[in-house]
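Please read them with the structure open.

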Amino acid sequence: MTLDAFIGNVQGSAELGLIYAILALGVFLSFRTLNTPDLTVDGSIVTGMAASVMVCSTGGNPWLALFVAFFAGCLAGSVTALLNTKLGIQPLLAGILVMLGSYSVNLRIMGGKSNVAIIKSDTVYKSFEKLVPSEYSALILGFLILALVTAAFYYFLRTRLGFALRATGDNDEMVRAAGIDSDKMRLVGLALSNGLVGFAGGLLAQFQSVADAGMGVGMVVIGLASVIIGEAVFGTKSLLRRLIAVSLGAILYRMVIAFAFNLGMPSTDLKLVSAVIVTIALSTGMIRKKGGGKNA
Amino acid sequence: MLKIENICKTFGKGSVNEKRAIDGLYLSADKGDFITIIGSNGAGKSTLMNCISGVCGVDGGRILLDDRDMTKLPEYKRSRYIGRVFQDPLKGTAFDMTIEENLAIASSKNKSISLQPGLSRKERDFFQEKLALLDMGLENRMKQKSKLLSGGQRQALTLFMAVIAAPKLLLLDEHTAALDPSAAKKVLALTDSFSRSSGLCTLMITHNMKAALEHGNRTILMKDGRIVMDLAGEIRREMTVDKLIAQFEIDNDRMLL
């Protein structure tokens with residue numbers, strides 16, 4: 001591989017990684033903060049993509065498209081939360097049901113087509129490149145958006161509502177004893193989590209100028225891998241550090257995958273490799289726990 | 001203040017395991033009362049507390065707190081008027097959050113919960129000052145996660161969290177049973193001092209008959225989901241563990257400890 005190709009590879013992975021970092025933050029909110037693995041993600045990321053390309057392709061503002069993608073993701077997460085809290089369906093199963101159902105919803109959003117390209121439409125990347133003409137413009141924009149999302153997310157987790165949400169994941173009996181409706185907290189948490197995922201999907205669709213109904217498969221695993229790798233490599237000392245670690249984990253994950261492709265891994269093996277990485281990461285956490293008692 | 005009228009609670013209705021846990025129970029308590037509750041296993045003590053706090057609903061009867069009918073309110077809404085400490089020290093706090101964050105959650109019980117800062121400097125100073133009164137060194141560890149605390153420290157913190165938002169009722173379900181004797185003694189002493197705060201009514205379940213007679217101003221004995229003894233005033237002062245056993249044919253060894 002030439003040096004230029006290598007640099008191009010790293011840059012491409014970083015650009016993608018910055019987008020996947022937002023997905024990872026969403027997964028962090030459900031998996032870590034609420035302590036619930038949420039499979040809605042595989043559906044809600046495509047919902048975000050679909051909403052985003054539909055707004056863009058009809059000439060709408062691409063920033064508005066991202067907002068709509070966030071909102072669409074929130075809706076998907078709310079459905080999962082309501083299935084869980086109101087109908088008593090187990091969280092994992094509720095997520096699977098919404099993931100399944102959303103596939104049809106996503107196709108409907110995209111007007112019955114399984115993929116929609118927006119090559120000619122305006123996107124946030126195109127408009128930012130006009131503003132900052134540089135080969136790194138996608139990188140800069142991705143970084144700015146991620147920084148903004150992380151800051152807002154960090155601020156949110158330190159509000160009273162954020163406290164209540166974090167406590168719900170830790171101990172919902174204590175939360176109810178403190179006069180807080182734990183069901184409502186789960187609703188807010190899963191909605192926001194999938195909102196972030198939808199936002200990431202919306203951004204990803206604009207970055208790639210295409211939305212595809214099948215792109216959601218395995219996204220939750222990528223999110224989990226990012227969270228676990230990030231925490232293991234970059235630490236969990238403080239809340240802010242943890243959020244940054246999760247983002248860096250997403251970027252690192254993209255780099256590792258790109259590197260594996262370069263070594264000759266066929267792209268069809270990607271899902272298997274992802275699954276194996278997450279399995280290893282989860283099991284090392286379990287082994288550590290056996291030594292040290294209760295750990296977060 | 002607290003009025004419980006003819007409540008009933010049956011678990012597993014219609015099944016072979018049907019168990020009438022509470023059977024037409026009446027209880028009324030005044031502001032400032034500190035009632036200790038004893039009874040053998042399965043007498044319905046914990047179920048009574050769960051019915052009051054809303055963890056489980058009742059099949060019949062009414063529960064009034066300050067003339068407000070709470071019978072149908074969900075658990076989290078009742079919690080605004082009720083502070084609770086559980087037997088398991090792990091249940092009282094959010095383990096992955098710091099001491100000050102736990103306190104902030106407990107103290108915002110009656111405030112609206114939205115995007116205000118979770119913890120202000122003023123609150124932090126207030127918590128620090130109050131924590132010092134617990135005399136457990138927690139005031140210097142406010143930024144540590146609560147999972148790092150010992151059982152005794154955790155129960156003391158939970159007790160403090162239960163009363164910080166000035167509830168009308170404090171429910172303690174064997175909150176010292178999981179502690180070593182010296183920690184239990186300390187938490188009981190704290191319980192005594194908190195129970196004296198104005199207008200608070202305290203109910204404490206204990207398996208320790210001696211503690212039941214030494215703490216509080218009233219002792220009730222439960223059996224088969226009913227109150228079979230209610231001691232207060234002069235009679236209670238003259239009551240001893242031996243007399244209790246003789247009078248009520250208490251046969252549970254665990255209650256004698």
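The points below go from the basis of the model to the chains, their contact and some single residues.

1. Basis. This is a predicted model: local features need pLDDT of at least 70, side-chain atom pairs count only at pLDDT 80 or more, and totals for chains, interfaces and linings use all residues. Residues are numbered from 1 along each chain as its sequence is written, while chains are lettered from A and ligands numbered from 1 in the order in which they are written.

2. Chain A, layout. Chain A has twelve helices and two strands. Helices here are DSSP runs of H or I with at least four residues, strands are runs of E with at least two, and both are numbered from the N terminus. The order from the N terminus is α-α-α-α-β-α-α-α-α-α-β-α-α-α. The radius of gyration of chain A is 19 Å, close to the 19 Å of the globule rule for 296 residues, so chain A is as compact as a globular protein of that length. That radius is taken over C-alpha atoms, and the rule is 2.2 Å times the number of residues to the power 0.38. The C-alpha trace spans about 55 × 40 × 35 Å along its principal axes.

3. Of the 296 residues in chain A, 49% are buried. Buried means 20 or more other C-beta atoms within 10 Å of the residue's own, exposed means 12 or fewer, and partly exposed is in between, with C-beta atoms placed from the backbone. Contacts are pairs whose C-beta atoms, placed from the backbone, lie within 7 Å. Among chain A contacts between residues at least 6 apart in sequence, 77% join residues at least 24 apart.

4. The core. The largest nonpolar core has 157 residues. Such a core is a set of buried Ala, Val, Leu, Ile, Met, Phe, Trp, Tyr and Cys residues joined through C-beta atoms within 7 Å. Its members that touch the most others include A:I22, A:L23, A:A164 and A:A200. α1(A) supplies the largest share of this core, 13 residues. Beyond its neighbours within four places in sequence, A:A200 contacts residues including A:I19, A:I22, A:L23 and A:I45.

5. Chain B, sheet. Four strands form an open antiparallel sheet in the order β2-β1-β4-β5 (chain B). Strands pair if DSSP finds at least two bridges between them. β2 (19-29) and β5 (68-69) of chain B are at the edges with a single partner strand each, so one side of each has no neighbour in the sheet. Five bridges link β1 (residues 2-11) and β4 (residues 60-65) of chain B. In this pairing B:K3 stands opposite B:L64.

6. The A–B contact. Chain B gives 25 residues and chain A gives 22 residues. On the chain B side, α2 (75-78) and α3 (99-107) of chain B are the elements that give two or more residues. α3(B) gives the most, with four residues.

7. Two backbone checks. Which residue has a positive phi of about 65° although it is not a glycine? A:N35 does. A:N35 sits in the loop between α1 (3-33) and α2 (41-57) of chain A. A:N35 is partly exposed, with 17 other C-beta atoms within 10 Å. B:D67 also is not a glycine and has a positive phi, near 65°. B:D67 lies in the loop between β4 and β5 of chain B. B:D67 is exposed, with 7 other C-beta atoms within 10 Å.

Conventions. Contact = placed C-beta atoms within 7 Å.
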